[in-house]
Amino acid sequence: NVLVTQFQVSVTYLIAISLCLTGFVQLAFTRFTADRLFEKKDDVILPNFNGLMLGTTFISGVLGLLAILFLFPHQNLIYRLLMLSGFVVMSDIWIATIFLSGMKHYKAILFMFAVGYSLTVIFSLVLRRFGLEGLLGGFVLGQFVLLVGMLTSILYYYPSSHFISFIFLRKSYLYPTLMIVGFFYNFGIWIDKFIFWFNAETSIHVIGALRASPIYDVPIFLSYIFIVPGMAVFLMKMETEFVDYYNRYYDAVRSGGSLQYIESMRYEMIYTARRGIFQIINIQIIAALTVLVTGNTILTWLGISTLYLPLLFVNLISVGLQVVFLSLLNIFFYLDRRYITLTLTGLFVVFNGVLTTATIWLGPAFYGYGFALALMLVVMLGFHLLSRTFDNLEYDTFMLQ
């Protein structure tokens with residue numbers, strides 16, 4: 001049981017830190033590839049992706065090496081090497097994932113993640129007799145297979161006569177606002193967990209310098225399971241229907257379409273965005289109500305104390321708002337409102353950090369409300385800014401032309 005806890009916490013930190021680190025380049029490189037595709041310069045995509053992967057591997061390797069030297073002084077060499085390799089592999093996986101998702105290869109991502117994590121479970125079970133190192137080795141091996149599958153897919157879809165390039169590092173291609181937004185979003189999602197982990201009253205020591213917060217981690221993990229329906233609607237509505245009308249609207253603007261047609265596409269784009277967001281809200285409300293009614297039964301069946309139920313319900317609301325927030329940011333990205341996304345994600349980091357700290361000071365009855373309230377505030381502001389953006393969309397579009 002102790003080994004399983006150490007394994008889970010080790011993997012959680014690998015995921016959290018690698019996401020925050022790669023957040024700096026996720027959105028910026030997606031924008032770079034989208035612009036090159038628009039310019040019909042497909043041949044520069046793969047070399048620059050390889051350049052980014054090389055840079056990510058080097059930076060994550062250096063930071064990971066420093067971490068295992070100073071954060072795990074009493075752990076054996078195998079554990080530290082597995083943590084280092086796991087951190088590098090996870091960082092590369094996020095880069096490959098964001099690249100494939102930006103290119104709309106959702107089925108390929110789903111298939112490879114299913115295979116990769118299935119193998120991760122199998123490898124971990126086979127190697128568990130070797131203790132913590134066996135479990136962690138199985139995880140790293142499964143993730144490596146996942147990464148190889150993604151890289152193979154990218155090489156197949158985007159061939160090029162050049163192997164490596166660093167054109168994306170040119171000043172005109174860096175998009176500093178997107179770099180900051182990517183970090184802010186990922187750090188904002190994890191900052192409440194970091195606060196709970198490193199507060200002595202809400203956490204326990206697990207291994208090395210790593211700590212965990214059982215009172216907070218269990219319900220937040222369960223709540224993310226119920227995010228799947230909302231994410232499915234997000235992909236169906238935002239990445240298909242909304243994008244379709246978005247492309248029609250801007251194609252009409254660029255090709256000199258009639259004003260009536262442009263206004264019609266604008267209306268359809270707005271209607272699809274609003275309908276998609278409200279469908280996400282409805283689905284997450286149904287999920288929350290389902291847990292409210294059957295929560296005791298679910299927790300008992302899982303062997304988890306029913307004392308977690310109030311916090312689980314609050315976290316369900318939080319993750320539902322997180323999907324809505326992601327949808328709003330996605331729309332702003334398509335409309336190229338970078339400073340709006342910078343404002344929203346920056347406020348999210350501040351609100352989540354301050355309000356989560358306040359809830360810890362107020363006591364256990366308020367745990368989880370900081371994350372929920374932070375998301376509610378930025379979602380409300382996002383709705384206001386989106387409404388204003390849509391009202392001025394035609395004027396802004398033609399002024400930009």
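**Group meeting: a helical model, its cores and a pocket**

Let me start with one residue. Thr 359 sits in helix α11, residues 338-362. Helices here are DSSP runs of H or I with at least four residues, strands are runs of E with at least two, and both are numbered from the N terminus. A word on the source: this is a predicted model, where local features need pLDDT of at least 70, side-chain atom pairs count only at pLDDT 80 or more, and totals for chains, interfaces and linings use all residues. Residues are numbered from 1 along each chain as its sequence is written, and side-chain values use heavy atoms, with hydrogens and water left out.

Back to Thr 359. Is Thr 359 buried or exposed? Buried, with a relative accessible area of 7%. Buried means under 20%, exposed over 50%, partly exposed in between, with a 1.4 Å probe and protein chains only. Beyond its neighbours within four places in sequence, Thr 359 contacts Phe 366, Tyr 367, Tyr 369 and Gly 370. Contact means heavy atoms within 4.5 Å.

Now the whole protein. It has 13 helices and two strands. Of its 401 residues, 50% are buried. The C-alpha trace spans about 65 × 55 × 30 Å along its principal axes. Among contacts with a separation of 6 or more, 77% join residues 24 or more positions apart.

Next, the cores. A nonpolar core is a set of buried Ala, Val, Leu, Ile, Met, Phe, Trp, Tyr and Cys residues joined through side-chain atoms within 4.5 Å. The largest has 104 residues, and Phe 49, Ile 93, Phe 99, Phe 325 and Ile 331 have the most contacts inside it. Which helix gives the largest share of this core? Helix α3, residues 77-102, with 14 residues. Take Phe 99. Setting aside residues up to four places away in sequence, Phe 99 touches Phe 29, Thr 33, Ile 45, Phe 49, Ile 154 and Tyr 158. Another core lies apart from the largest one; it has eight residues, among them Leu 222, Ala 288, Leu 299 and Leu 316.

Last, the second largest pocket. Its volume is about 350 Å³. A pocket is an open set of points on a 1 Å grid over the protein atoms alone, where a 1.4 Å probe fits, with protein on both sides within 12 Å along at least five of seven lines; lining residues have an atom within 4 Å of a point. The volume is the space filled by probe spheres set on the points, which are joined across faces, edges and corners. Helix α1 gives the most to this lining, seven residues.
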